[in-house]
Amino acid sequence: MNILVTGGSGQVGFELQRSLAIFGCVDAPDRQHLNLEDLDQVAAYLEATKPGLIVNAAAWTAVDRAESEQDSARIVNADLPAVLASYAARNNIWLFHYSSDYVYPGNGTTPWTETDQTAPLSVYGKTKLLGDDNIAATGCHYMIFRTSWVYSARGNNFMKTMLRLGAEREQLSIVNDQWGVPTPARLIAEITALAVSRSPQLASQDSGIYHLAPSGETNWCRFAESIFALAREEGVKLKVAQVTGIPTSDYPTPARRPLNSRLSLKKIEHELGIIMPDWYSQLQMTLEEYLSLKNREE
């Protein structure tokens with residue numbers, strides 16, 4: 001099977017290329033070969049390569065920049081998925097796509113379910129929701145995985161930023177009233193591979209939205225504290241001695257962030273017959289992978 005992975009240079013895209021290789025030839029063109037903001041070029045590429053499966057890991061993830069660069073965010077997050085889904089519908093193939101906790105209003109403390117009312121607070125969230133709606137409107141076979149707080153051993157992310165700042169500063173102030181679940185890109189790719197393995201048996205009624213994240217919950221401040229604690233256990237020397245939790249109101253950003261990004265996992269666990277691992281053990285594995293890569297580079 002010829003599998004097209006868009007956004008292959010990103011954190012999730014990198015992991016997908018490894019996890020999906022067992023199913024066939026993975027085509028993950030870089031920007032020089034396929035400009036994802038040129039939708040005519042994307043449509044022509046699809047017709048030329050004729051993928052048997054599309055996995056869309058491309059996304060405009062610069063949340064604050066999206067407020068001022070709305071057109072670019074809309075093209076990548078909403079219009080591109082529509083083009084991919086239209087091809088999937090015409091050719092009766094599956095599309096796997098990744099969405100965000102930012103589509104929800106972010107209030108309350110109860111984990112969001114896939115059927116809850118959406119009400120994005122930011123341009124990023126609005127464009128991600130529009131992408132979800134555009135996919136569904138085509139009538140293609142699809143799985144949309146809504147995930148949260150993505151990080152990995154590679155790329156730019158919160159874990160690596162905290163390790164850098166923890167080595168440079170003695171004191172850090174980190175938001176403690178935004179709650180959610182840190183999700184490793186590796187886990188996203190592994191669950192995607194599991195779903196792909198079952199795609200020949202999936203029916204049209206299996207199309208839909210699924211939450212994909214580890215179990216449990218935390219906030220950004222506790223996440224940072226866990227990163228530092230685990231890093232020290234691995235022998236990493238850090239300067240940081242004090243981590244202070246602050247409210248979101250003390251850290252203004254162009255885009256509003258949801259305070260509640262908890263995601264219910266009941267649907268994906270029931271439909272795929274799995275139990276999601278807890279976020280802390282996943283952090284430990286991801287941190288160990290990062291430190292191993294760092295040691296080899298040094």
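First, the rule I counted by: a salt bridge is a side-chain nitrogen of Lys or Arg within 4 Å of a carboxyl oxygen of Asp or Glu. The model is predicted. How many salt bridges does this rule give? I count 14 salt bridges.

**Entry: Glu15 and Arg154**

I looked up this pair next. Glu15 and Arg154 form a salt bridge, at 3.9 Å from N to O. Where do the two partners lie? Glu15 is in helix 1, residues 11-19. Arg154 is in the loop between strand 6 (150-151) and helix 5 (158-168).

Is Glu15 buried or exposed? I find 5% relative accessibility for Glu15, so this residue counts as buried. The cut-off for buried is under 20%. Arg154 has 24% relative accessibility and counts as partly exposed.

**Entry: Arg18 and Glu289**

I stayed with helix 1, where Arg18 also lies. Which residue does Arg18 pair with? Arg18 forms a salt bridge with Glu289. Their closest N and O atoms are 3.4 Å apart. Glu289 belongs to helix 9, residues 279-297. This pair links distant parts of the chain, 271 residues apart. I noted Arg18 as partly exposed, with a relative accessible area of 43%.

**Entry: Arg257 and Asp64**

Here I checked a pair between two loops. The side chains of Arg257 and Asp64 form a salt bridge, at 2.6 Å from N to O. Arg257 is in the loop between strand 12 (242-246) and helix 8 (266-272). Asp64 is in the loop between strand 3 (53-56) and helix 3 (70-91). The partners are 193 residues apart. Are they buried or partly exposed? Arg257 is partly exposed, at 22% relative accessible area. Asp64 is partly exposed too, at 25%.

**Entry: a network**

Which residues are joined by salt bridges that share partners? I listed Glu15, Arg18, Arg154, Arg186, Glu190 and Glu289. They make one network.

**Entry: cysteines**

Last, I looked for disulfides. How many does the structure hold? I found 0 disulfides. Cys25 is exposed, with a relative accessible area of 53%. Cys140 is buried, with a relative accessible area of 4%.

Technical notes: Residues are numbered from 1 along each chain as its sequence is written. This is a predicted model: local features need pLDDT of at least 70, side-chain atom pairs count only at pLDDT 80 or more; totals for chains, interfaces and linings use all residues. Side-chain values use heavy atoms; hydrogens and water are left out. Helices (H or I, at least four residues) and strands (E, at least two) are DSSP runs, numbered from the N terminus. Buried means under 20% relative accessible area, exposed over 50%, partly exposed in between (1.4 Å probe, protein chains only). A disulfide is a pair of cysteine sulfur atoms within 2.5 Å.
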